[in-house]
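Welcome to this short tour! Please open your viewer and keep the selection tool ready.

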Amino acid sequence: MIKLYGVPLSPFARKAMLALEHFELEYENEPTFPGDESPEFRAISPLGKIPILDHDGFTVADTSVICRYLDRISPDKSIYPDDPQEEARACWLEEYADSRLIENCAGIFRERLLKPKMMNQPTDEAHLADILDNTLPECLKYLESVVPETGYLVGSNLSIADLSIVTCFLQAQYGEYEVDGGQFPRVRSYLDRAFAAPLVVTRMASERANMPPGL
Ligand SMILES: N[C@@H](CCC(=O)N[C@@H](CS)C(=O)NCC(=O)O)C(=O)O
């Protein structure tokens with residue numbers, strides 16, 4: 001049995017869920033918030049982060065490791081390109097998404113949704129403006145230079161790059177953020193394609209159906 005510890009509104013949990021669903025692996029979600037202090041969770045999450053994968057009692061942390069593991073146990077629909085350079089590009093885009101892009105996309109989510117609607121905290125307007133005016137456009141400028149006009153991000157199949165990048169923009173979408181197609185036409189058209197894919201439509205429908213109260 002496969003169990004994923006995490007909450008669907010966490011972008012990293014979403015990335016792992018998209019991978020599980022891509023591989024058509026049945027799993028249970030064990031709702032667990034970041035920083036959960038229970039000894040059971042801390043024993044399987046040394047950094048206290050979500051998500052954690054449990055496969056028949058074998059546990060592993062970190063979505064890059066989780067996705068690689070899932071790929072190894074379901075080799076038929078690999079999300080790692082065969083070509084070494086394509087694989088390196090896909091893994092680089094994963095790293096870029098997991099570090100720089102998510103900071104920005106999760107920042108929008110936190111400032112526009114999480115803080116005012118769930119945490120009873122005021123939005124840090126200066127931080128939000130810096131993301132919207134400076135740091136996110138910088139990311140988009142870079143992405144515009146690497147996103148192809150058609151198809152997937154790397155090679156001819158869905159890859160870890162797509163799961164990672166799409167995950168970030170879905171997080172920003174919750175904060176009512178849309179990439180401007182006039183400024184960043186390739187990224188916009190890529191996201192339109194990606195958001196229409198059944199894998200993503202189904203994941204988002206499930207997230208929206210299970211939104212915490214107040215959101
Ligand atoms: N590199 C990790 C990042 C996971 C991560 O940062 N998860 C967030 C929730 S989206 C978390 O648990 N944050 C709590 C913390 O950093 O202490 C991965 O890919 O799984």
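Start with the whole protein: its domain assignment, which is automatic or from a database, gives domain 1 (2-77) and domain 2 (84-209). What you see is a predicted model, where local features need pLDDT of at least 70 and side-chain atom pairs count only at pLDDT 80 or more, while totals for chains, interfaces and linings use all residues. Residues are numbered from 1 along each chain as its sequence is written.

Next, colour the two domains. The C-alpha centres of domain 1 and domain 2 are 20 Å apart. Where they meet, 12 residues of domain 1 are in contact with 16 residues of domain 2 (contact: C-beta atoms, placed from the backbone, within 7 Å). On the domain 1 side, α1 gives the largest share, eight residues (helices are DSSP runs of H or I, at least four residues, numbered from the N terminus). By class, that side has seven nonpolar, two polar and three charged residues (Ala, Val, Leu, Ile, Met, Phe, Trp, Tyr, Cys and Pro count as nonpolar, Asp, Glu, Lys and Arg as charged, and the others, Gly among them, as polar).

Now select the residues around the ligand, among them Ser-10, Phe-12, Lys-49, Thr-63 and Asp-98. Both α1 (11-22) and α3 (63-73) supply at least two residues of this shell. The shell divides into four nonpolar, five polar and three charged residues.

Finally, click on Phe-12, in helix α1. Is Phe-12 buried or exposed? Phe-12 is buried, because 22 other C-beta atoms lie within 10 Å (buried means 20 or more, exposed 12 or fewer, partly exposed in between, with C-beta atoms placed from the backbone). Leaving aside neighbours within four places in sequence, Phe-12 is in contact with Ile-50, Pro-51 and Thr-63.

Technical notes:
A residue is near a molecule or strand if its C-beta atom, placed from the backbone, lies within 6 Å of it. Two residues are in contact if their C-beta atoms, placed from the backbone, lie within 7 Å.
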